[in-house]
Amino acid sequence: MTMIKAKHQRLVLILIALAALVGAVLLAAWALRNQASYFYLPSDMAAHPSSPDREVRLGGMVERGSMHNEADGVTVRFVVTDGKARVPVRFSGIRPALFVEGSGVVAEGKSSPDGTFLADNLLAKHDERYVPRELKDMTAQQARQAVAATK
Amino acid sequence: MHGFANPARFLRLARWLTPSLLAPGVLIASAALIWGLTGAPADRLQGDSVRILYIHVPSAWLGMAGWMAIAGASLAEIVWRHPLAGVAARAAAVPGAFSPALCLLSGSLWGRPAWGTWWVWDGRLTSMLVLLFLYLGYIALADAAARDGGGQSRVAAVFGLVGAVNIPIIHYSVLWWNSLHQPPSISFGGLGGGSSAMAAAFLWPLFAATLGFSLIFGGVVLMRMRTILAGAQAEARLRRKALVREAQA
């Protein structure tokens, strides 16, 4: 058997320890993929309906054309969608500035028996697109082209 | 690599490298901030609050890069017993800890108008907070070891390596889990005409700010390394003098 230098032995030991550690963390992250998520998507809600007495968060896009203000001036109804499922939401209160149709939202609240999600708090979710104000009147497709043209 | 194991040789290099990192760093960072605050456009949805980006993203990047430097130095200390590795890791820890703190603070200021909340316990925010606590833990461990005379601390080095596990978690938190924080806007190749989701008008000042703050970070680390080495040298001299006096008495 050939002698291994002490520093090589330490290197191999550390690499094995790090690989084991990274493996453990990846497994934990995989196991936590539902618990560590900040919100449920509409399709998650459709697959596993939450009980009406449990506070949950619902996240997705505000469907275009679905937002309706009610006569009392503070209540808004809209539909949250992830492209696969749709959940109607009702909320009364102050809305964040970025809460608009076609953008992301996280609603905190409970589902009601008739399927409407009763939100008691709204958080606007900003997406990864950063577009200058001058380009705001374009559609998403036009804006993407305009952004690409600036490069 | 062991060429710089000789502190005198390292100090000669560090003496001119420190100002030549700091001066362009300060220049580029200030120019980038002025550009970002006055020249760059406002965002279509966020308005002027998008300008927090030019502090937030460099500090997030430096928080993660700082820990990668600590992990690399820790590896060099454990495997090769490099005499400057522990010094480098200790030097990087303090500006490192400052970075996630600034990142969390600026993000919180942005979150209030954009999301409607100062703080949420989502994957990205929580893992960044964990990074701040890791830095504080590392500083406490490494300083305690240095005070107890060892100088080189095996425990701190192991902690530095294990803590590196948090770095990929921070990066992938927005991809693995549904989170309130947006997914990455910048893809490599974005500057070259790739498919970055951020308009070039934001991307260029952001890139300049990141470069400037990184240069400052490097300069501060070198400055702190020189301070730590000088302190160790002064202490060794005092100890030698005390020994001589003892022998004469």
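## Fold of chain B

From the N terminus on, chain B runs α-α-α-α-α-α-α. That makes seven helices and zero strands. The model is predicted.

## Burial and surface

Chain B has 249 residues, and 47% of them are buried. The chain exposes about 11800 Å². Carbon and sulfur atoms supply 70% of that area.

## The largest nonpolar core

The largest nonpolar core holds 45 residues. Seven names stand out for touching the most other members: B:F10, B:W67, B:I70, B:M128, B:L131, B:Y138 and B:M225.

Each helix of chain B supplies at least two residues of this core. The contributors are α1 (7-39), α2 (53-80), α3 (85-115), α4 (123-147), α5 (154-163), α6 (166-176) and α7 (200-248). The most comes from α2(B), which gives ten residues.

## Around B:M225

Setting aside neighbours within four places in sequence, B:M225 is in contact with B:F10, B:L84, B:V87, B:A88 and B:A91. B:F10, like B:M225, is listed among the core residues that touch the most other members.

## A second core

A second, separate core has 16 residues. Its members include A:M45, A:V80, A:A107 and A:L122.

Notes
Residues are numbered from 1 along each chain as its sequence is written. Chains are lettered from A and ligands numbered from 1 in the order in which they are written. This is a predicted model: local features need pLDDT of at least 70, side-chain atom pairs count only at pLDDT 80 or more; totals for chains, interfaces and linings use all residues. Side-chain values use heavy atoms; hydrogens and water are left out. Helices (H or I, at least four residues) and strands (E, at least two) are DSSP runs, numbered from the N terminus. Buried means under 20% relative accessible area, exposed over 50%, partly exposed in between (1.4 Å probe, protein chains only). Accessible areas come from the Shrake-Rupley method with a 1.4 Å probe; for residues, only the protein chains shown count as cover. A nonpolar core is a set of buried Ala, Val, Leu, Ile, Met, Phe, Trp, Tyr and Cys residues joined through side-chain atoms within 4.5 Å. Contact means heavy atoms within 4.5 Å.
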